[in-house]
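Colleague: I would like to learn how to read a model of protein chains with DNA. Could you take me through one, feature by feature?

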4 protein chains.
Amino acid sequence: MRHGHFQDRTAGQGKRERTRSALLDAAIAVVAEKGMEAAKISDITTAAGLANGTFYNHFNDKDEILREAAYGIAFEVVGRLDAEMEGIDDAAIRVVTATTRFVSILTAERDWAAVLLGGADRLPDFRENLYRYLRADIERGVAQKKFDVEVTTFLLDQIVALIGVAVRAQLHDGQEPEITRQVCGSILRLLGMTPARAAKLVPA
Amino acid sequence: MRHGHFQDRTAGQGKRERTRSALLDAAIAVVAEKGMEAAKISDITTAAGLANGTFYNHFNDKDEILREAAYGIAFEVVGRLDAEMEGIDDAAIRVVTATTRFVSILTAERDWAAVLLGGADRLPDFRENLYRYLRADIERGVAQKKFDVEVTTFLLDQIVALIGVAVRAQLHDGQEPEITRQVCGSILRLLGMTPARAAKLVPA
Amino acid sequence: MRHGHFQDRTAGQGKRERTRSALLDAAIAVVAEKGMEAAKISDITTAAGLANGTFYNHFNDKDEILREAAYGIAFEVVGRLDAEMEGIDDAAIRVVTATTRFVSILTAERDWAAVLLGGADRLPDFRENLYRYLRADIERGVAQKKFDVEVTTFLLDQIVALIGVAVRAQLHDGQEPEITRQVCGSILRLLGMTPARAAKLVPA
Amino acid sequence: MRHGHFQDRTAGQGKRERTRSALLDAAIAVVAEKGMEAAKISDITTAAGLANGTFYNHFNDKDEILREAAYGIAFEVVGRLDAEMEGIDDAAIRVVTATTRFVSILTAERDWAAVLLGGADRLPDFRENLYRYLRADIERGVAQKKFDVEVTTFLLDQIVALIGVAVRAQLHDGQEPEITRQVCGSILRLLGMTPARAAKLVPA
DNA sequence: GATGAATGAGTATTCATTCAT
DNA sequence: AATGAATGAATACTCATTCAT
């Protein structure tokens with residue numbers, strides 16, 4: 001384990017919290033390597049350097065630890081994005097910035113991607129939380145007459161799917177700047193901007 | 001099992017072929033109900049009304065039957081689409097027609113959707129095959145100056161992701177015409193059409 | 001395994017039935033040796049000379065096989081008693097005969113005792129079935145003016161407890177004739193006979 | 001925990017004794033609720049409001065604490081009975097009084113019943129201790145020509161079984177006076193009294 | 001070719017027990 | 001003494017796979 005997000009956050013705390021964090025970090029690493037379905041409890045404890053049974057001192061089952069890991073990561077990602085988006089008023093720039101930074105963060109923290117991508121499908125309210133931010137920005141763009149769309153859940157689904165494709169492509173091919181530029185362009189087009197205006201916001 | 005695509009295609013043939021088809025159809029039904037990961041061999045044989053050992057007279061493992069089922073369905077879907085697209089010259093109309101019919105077919109054959117959606121992720125060359133057709137139409141649109149894009153695999157990934165979102169939404173909510181219209185609009189925008197021109201090709 | 005009641009009863013039948021019987025017989029033997037709580041699934045399959053997983057082809061859990069074993073044995077015991085009690089009219093003689101034969105059967109089939117003794121506590125309707133026969137004989141004795149009791153469930157509980165003590169003593173000490181005589185005397189006394197009359201029915 | 005027999009007895013003493021008592025009382029409560037087999041060490045420490053490791057500062061294993069709990073309770077019960085039986089000379093009245101009071105005590109201290117009933121089966125010398133008192137009273141009755149029995153261990157087993165049935169019935173149905181009367185009658189009959197004489201000692 | 005019983009490796013889960021704090 | 005986190009052996013249970021009929 002290189003560093004471990006959760007362990008960083010519980011560094012000074014009690015042993016219980018530190019072990020719990022070790023398990024969460026291990027779970028993330030294992031899911032990144034083998035996927036959510038294939039991840040076994042024993043993989044997680046082994047990766048954490050702990051005994052088999054220790055898992056059950058902290059979580060009831062795989063779903064529980066994965067849910068917690070996914071929420072923890074999402075919280076961190078949203079926190080970082082929030083900080084960087086403060087003061088950006090133009091909705092189109094907000095969308096581009098958020099997308100760019102999101103892909104960038106998941107490129108830097110490669111293990112997080114698998115958990116977030118998997119979590120979006122499996123965790124019920126996970127997606128809803130994510131949508132709240134996105135919807136606000138898009139509605140802002142509509143109010144600013146930058147976007148020409150009806151803001152539906154289905155639209156958000158589409159945008160999130162595009163971002164997911166970008167993250168996957170980036171993990172796979174590692175062409176970050178180009179991929180990010182392309183997906184930002186796609187999203188802006190989707191939101192009703194002309195290719196020309198979209199291109200201005202996403203310069204090569 | 002209502003009808004069974006594979007059984008239809010092997011109706012008059014020998015017992016071996018008919019049993020094989022029964023397994024393929026059963027696999028599709030089981031995957032539609034429980035998903036690919038959760039589908040057990042014994043679920044498939046039970047659904048087919050066969051003994052579990054019979055499975056191994058025809059397939060080596062779950063992956064093999066699922067791959068075959070996915071390819072069989074994909075072949076059928078592509079065949080139906082091909083027939084309907086014959087003679088359509090305008091690339092934008094081709095894209096709209098293909099998308100509309102694709103969603104429509106998977107709405108009618110609900111069980112196929114799970115297999116195709118799952119198969120796209122898991123089967124290596126599956127996606128490549130699909131892309132050949134799509135790429136041709138988009139390149140045609142570029143040549144016709146209807147689309148303003150660079151045709152990359154990443155672009156195709158995005159379009160396929162949007163179609164996937166539409167299929168999922170349709171399975172879930174059942175608002176086919178409206179969903180199809182929206183996703184066609186999104187794809188045309190993605191391909192570089194203005195909202196206004198896209199809207200003309202996808203009338204309410 | 002010496003002979004095996006269930007295997008005897010399924011000797012000519014299909015493999016499924018024979019394996020099932022082997023498991024039932026093995027369960028009885030294991031319970032006799034280690035008790036119901038301590039009996040493990042793997043003990044049973046090992047005793048039956050079968051693989052671990054085979055158990056689950058036939059039973060869902062330990063409770064299920066033990067219940068079935070207990071009912072099967074009880075059915076057999078009741079059958080044997082019934083045959084021998086036919087034509088006995090005097091209720092006191094019926095009670096003495098049933099008790100004597102019951103202890104005698106469980107002395108011959110030592111392994112059955114643990115299952116029946118344990119089953120009586122754990123299986124809900126098991127006891128009820130047993131009581132039906134006993135109650136009939138005691139009511140007959142009351143009608144014949146041989147017994148002087150009110151026939152309540154609590155009374156039956158007491159008599160069954162006395163028989164249980166006798167079976168346990170017999171398993172432990174192996175003094176069958178004397179133990180049987182004593183417990184029959186006790187039961188008759190409990191039912192309201194004087195020691196003198198009771199003694200006549202239970203001669204040394 | 002309402003009051004706790006062992007804690008009462010160590011109220012003023014050192015911390016070690018008080019913790020030990022808390023564990024004993026907790027063990028009794030847990031066994032009463034879940035039975036001896038199902039009682040887990042952690043159930044006991046949790047019920048005592050202690051950390052699970054604390055258990056091993058005081059006992060080596062479950063058997064040890066249960067044995068100690070059973071003996072402690074038995075000692076208390078015997079003590080209470082002894083006090084009340086002082087001065088009763090007639091053996092039949094002694095038996096009736098002891099039985100009545102015994103059931104009565106276990107009705108008041110419901111949690112004790114499970115431990116004593118379970119202990120009688122599992123603890124080797126437990127039963128022997130109990131029998132010493134019982135045997136003395138019965139031999140006295142034989143000497144007084146009230147009882148007409150041969151005093152064997154098997155006889156004592158029978159009487160104890162009847163008392164056990166009464167306690168269980170009482171815990172289950174809660175008809176104490178009637179149940180006690182019936183079982184006293186049964187015991188006296190068992191010991192060779194006629195129903196008529198027995199009835200006199202156990203008036204409605 | 002189909003059958004379906006048997007297999008056993010793989011995985012999850014429990015809980016008595018240890019031991020550093 | 002008490003704590004409580006960690007341990008890991010013991011056990012239950014699943015399911016893909018084999019193979020005799």
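Modeller: Gladly. Keep in mind that this is a predicted model. Let us start at the DNA. 33 residues surround DNA strand E. The closest are B:Thr19, B:Ala51, B:Gly53, C:Thr19 and C:Gly53.

Colleague: Which elements give two or more residues to the surface near DNA strand E?

Modeller: Helix H3 (41-48) of chain A and helix H3 (41-48) of chain D do. So do helix H2 (15-34) of chain B and helix H2 (15-34) of chain C.

Colleague: How do the residues of the surface near DNA strand E divide by class?

Modeller: There are 8 nonpolar, 16 polar and 9 charged residues.

Colleague: Now the other strand. Which residues come nearest to DNA strand F?

Modeller: A:Thr19, A:Gly53, D:Thr19, D:Ala51 and D:Gly53 come nearest, out of 33 residues around DNA strand F. Next, look at the elements. H2 of chain A and helix H2 (15-34) of chain D each give two or more residues to this surface. Helix H3 (41-48) of chain B and helix H3 (41-48) of chain C do as well. By class, the surface near DNA strand F has 8 nonpolar, 16 polar and 9 charged residues.

Colleague: Let me step back to the whole chain. How many helices and strands does chain A have?

Modeller: Chain A has 10 helices and 0 strands. From the N terminus on, its elements therefore read α-α-α-α-α-α-α-α-α-α.

Colleague: Why does the radius of gyration of chain A agree with a compact globule?

Modeller: Compare it with what the chain length predicts. A compact globule of 204 residues would have a radius of gyration near 17 Å, and chain A has 19 Å, which agrees. Along the principal axes, the C-alpha atoms of chain A fill a box of roughly 60 × 30 × 30 Å. Burial is another thing to read: 38% of the 204 residues of chain A count as buried.

Colleague: And contacts along the sequence?

Modeller: Take the contacts in chain A with a separation of 6 or more. Residues 24 or more positions apart account for 59% of them.

Colleague: Where are the domains of chain A?

Modeller: Domain 1 covers 5-59 and domain 2 covers 66-201. In chain A, the C-alpha centres of domain 1 and domain 2 lie 28 Å apart. The domains also touch. In chain A, 10 residues of domain 1 are in contact with 12 residues of domain 2.

Colleague: Which helix of chain A gives the largest share of the domain 1 side that touches domain 2?

Modeller: H2(A) does, with 6 residues. By class, that side of domain 1 of chain A has 8 nonpolar, 2 polar and no charged residues.

Terms used
Residues numbered from 1 in each chain as written. Chains lettered and ligands numbered in written order. Predicted model: local features only at pLDDT ≥ 70, side-chain atom pairs only at ≥ 80, totals over all residues. Helix = DSSP H or I, 4+ residues; strand = E, 2+ residues; numbered from the N terminus. Rg over C-alpha atoms; globule rule 2.2 N^0.38 Å. Buried ≥ 20, exposed ≤ 12 C-beta atoms within 10 Å, placed from the backbone. Contact = placed C-beta atoms within 7 Å. Near = placed C-beta within 6 Å. Nonpolar A, V, L, I, M, F, W, Y, C, P; charged D, E, K, R; others polar. Domains from an automatic or database assignment.
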